[in-house]
Amino acid sequence: MNPYRTHNCGQARPEHIGQRMRLAGWIDTVRDHGGVIFADLRDHYGVTQAVIHDGELLKGLGRESVVSVEGVLARRDAETVNPKIATGEVELRAESLDVLSHALHQLPLEVGQSTQTREEVRLKYRFLDLRNPAVHRNIVARADITRFLRAKMEELGFLEVQTPILTSSSPEGARDYLVPSRKHHGMFYALPQAPQQFKQLLMVSGFDRYYQIAPCFRDEDARTDRSPGEFYQMDFEMAFATQEDVFAVAETVLYAAFTEFSDRRVSPPPFRRLTYAETMLRYGTDKPDLRNPLLIEDLTGFFADVDFAPFRNKPVRGIVAPDCAGGPKSFFEKMLAFATGEVGMKGLGYISILEGMELKGPIVKFLSEEKRKELIQTLNLKVNDTLFFICDMPRLCDRMAGQIRAELGRRLGLTDEGAFEFCFITDYPMYGLNEETGAVEFTHNPFSMPQGGMEALETRDPLDIKAWQYDIVCNGVELSSGAVRNHRPDIMLKAFEIAGYTQADIESKFSALFNAFQYGAPPHAGMAPGLDRIVMLLTGQENIREVIAFPMNSSAQDLLLGAPGPVTEQQLRDVHIKIR
């Protein structure tokens, strides 16, 4: 028989009344009602109230001490029933109490309010932070979601395969984490940014459907939706597959997971398909939040024959915001402050539509009567609409318009908070120009198949070539990137040549993959939805660190264990390193 407990702290129910039981857990709260002490015991499963008549049992004990309490379960008085917890109808009438572990009386944070504590304190005392039921539930939810995703992938015929953590360094878009070799002087392993080459090698090895919950390591700066250092993704790859085959799997698994773990409305399959060019023009970002109904209009052509100097020879975008023309002046002042402050625009012009379809705004005087009518008709403007204008250099205009669209949606309350809206972004450019050097470089995954194959690489302007690359986006969060892979060595050589790589570079940096392709490689495709981001969305968190058990801070430091930290001179000697 277990000496610590017969039941857990979330099990007690009215049907157990009269039974003798022993509970073990942390002392959550203590309330002294003049000789009768009510102590809440908390464990992984829940909270049960213990009633203690002998105050000596708790003498010297601070909150968060660990105890084992024995007694008889009884029904609470009607006025003390707590409907907020599953055990709220009962209480344990304590007869004995064993102290299993003392906690210091001065706690560095209040467990129940830990989420309101400074992040550096929360992360340093993460073991206390994780006792907060609200934080604890996130980690439990992560386990439940992970188990569900695994089951769905197995159901669809995918085989789980673990790939190496120590591998070779390769240029995949971010800085590698390097690990020095003790046995091979001056040589380094790298932690994988993703299992990219391994999963392609598995397809070449004859496996048909692979997946794993894969750890990935990238030396990148933190964001609210990106953890510095380590993250996890549900990586999968399919042989003899097209883009649509990958989409069908992603739709099946993600729709099932989001409907299982959320009460929100989930956009059903097939998810919307938007091209990269379309989403940048209409939403100002390749991570569009489709819950916001506002769209960006291209007004460059409209203003081509309008004599308004600020819009001359530059792209112009417009956003129609409904029902705000008659709003307070402060609304427009705050939008202007946001545009010039956070976005970096020189200004934010607008035209309001008043009663009688009268146009009001500083730009109106530059429009002829015919152009005013054309604007109303083209954009289907209505009374009380306001048309906001964004104009800047081509490389900035769409991004700025996207930020204004998002802010208008937020300020006007247009974003549907009760929904998960999915979409695929397709047809990414294969190449782009490096802003500093002007050189042609890959814009996405270099292992992707170009649309048009070898013919496109040999006959088209590289900047016009699209790749079989795609992202999946939910509520403005990029959940996954993926691609139809390049499985032919001749196309691989040509694609990398355009980006400035020689055959020697490829044979050096991607030797295993390039060599494997010489021996018969099937067409293959895949993607890798981010597990951390999926859990973040499903638990309603705004910061990814809330769904990671032991996260680093925004400076890539583990405040709990003190990493990164110093090592001894002998450790450095063992791996042949001298610190400059």
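1. In this predicted model, helix 7 passes helix 9 in a right-handed crossing. The axes of helix 7 (residues 329–343) and helix 9 (residues 394–411) come within 11 Å, and they cross at roughly 145°. On the side of helix 7 the contact is made by Phe-331, Lys-334, Met-335, Phe-338, Ala-339, Glu-342 and Val-343, while helix 9 contributes Arg-399, Met-400, Gln-403, Ile-404, Glu-407, Leu-408 and Arg-411. Sorted by class, the contact of helix 7 with helix 9 has eight nonpolar, one polar and five charged residues. As background to the spacing in such lists, an α-helix has 3.6 residues a turn, so residues three or four places apart point the same way.

2. For the overall picture, the chain holds 15 helices and 24 strands, and its C-alpha atoms fill a box of roughly 90 × 75 × 50 Å along the principal axes. Of the 580 residues in the chain, 48% are buried. Among contacts in the chain with a separation of 6 or more, 67% are accounted for by residues 24 or more positions apart.

3. Five strands make a closed barrel that runs 1-2-3-5-4, and their pairing is mixed. Neighbouring strands of this sheet are turned by 55° against each other on average, with direction ignored. Ala-50 stands opposite Leu-92 in strand 5, and Val-51 has Arg-93 of strand 5 as its bridge partner. Strand 4 (residues 66–75), by contrast, runs antiparallel to strand 5 and is joined to strand 5 by ten bridges; here Gly-71 has Ala-94 of strand 5 as its bridge partner.

4. An open sheet is formed by eight strands in the order 6-9-10-24-23-22-19-12, again with mixed pairing. Strand 6 (159–160) and strand 12 (272–275) each have a single partner strand and stand at the edges, so one side of each is left without a neighbour in the sheet. Within this order, strand 19 (residues 422–426) and strand 22 (residues 469–474) pair in the antiparallel sense over five bridges, and Phe-422 has Cys-474 of strand 22 as its bridge partner.

5. Helix 3 (residues 133–155) lies across strand 6, strand 9 and strand 10, running at about 145° to strand 9, whereas helix 6 (residues 276–283) lies across strand 12 and strand 19, running at about 90° to strand 12. Helix 3 has 23 residues and reaches 32 Å from its first C-alpha to its last, close to the 33 Å expected at 1.5 Å a residue.

6. Which residues of helix 3 are buried? They are Val-135, Asn-138, Ala-141, Arg-142, Ile-145, Thr-146, Phe-148, Leu-149, Lys-152 and Met-153. The cover over the buried residues of helix 3 includes strand 9 and strand 10, together with helix 1 (119–124), helix 2 (126–129), helix 5 (243–260) and helix 14 (531–538).

7. Helix 4 (residues 196–204) also packs against strand 9 and strand 10: its buried residues do so, and they pack against helix 12 (503–509), helix 13 (511–516) and strand 24 (524–527) as well. The buried residues in helix 4 are Gln-196, Gln-197, Lys-199, Gln-200, Leu-202 and Met-203. Just after helix 4, Gly-206 takes a positive phi of about 100°.

8. Ala-222 is found in the loop between strand 9 (209–218) and strand 10 (229–239). Why does Ala-222 count as partly exposed? Its relative accessibility is 23%, and the partly exposed class lies between the buried limit of under 20% and the exposed limit of over 50%. Leaving aside residues up to four places away in sequence, Ala-222 touches Pro-228, Arg-545 and Ser-554. Ala-222 and Ala-556 are 334 residues apart in sequence, yet 7.5 Å apart in space from C-alpha to C-alpha.

Conventions:
Residues are numbered from 1 along each chain as its sequence is written. This is a predicted model: local features need pLDDT of at least 70, side-chain atom pairs count only at pLDDT 80 or more; totals for chains, interfaces and linings use all residues. Side-chain values use heavy atoms; hydrogens and water are left out. Two strands pair if DSSP finds at least two bridges between them. Helices (H or I, at least four residues) and strands (E, at least two) are DSSP runs, numbered from the N terminus. Axes are lines fitted to C-alpha atoms, for helices over the stretch in contact, and angles run from 0 to 180 degrees between N-to-C directions. A crossing is left-handed if the near helix is turned anticlockwise from the far one by less than a right angle, and right-handed if clockwise. Contact means heavy atoms within 4.5 Å. Ala, Val, Leu, Ile, Met, Phe, Trp, Tyr, Cys and Pro count as nonpolar, Asp, Glu, Lys and Arg as charged, and the others, Gly among them, as polar. Buried means under 20% relative accessible area, exposed over 50%, partly exposed in between (1.4 Å probe, protein chains only). The expected span of a helix is 1.5 Å times one less than its number of residues.
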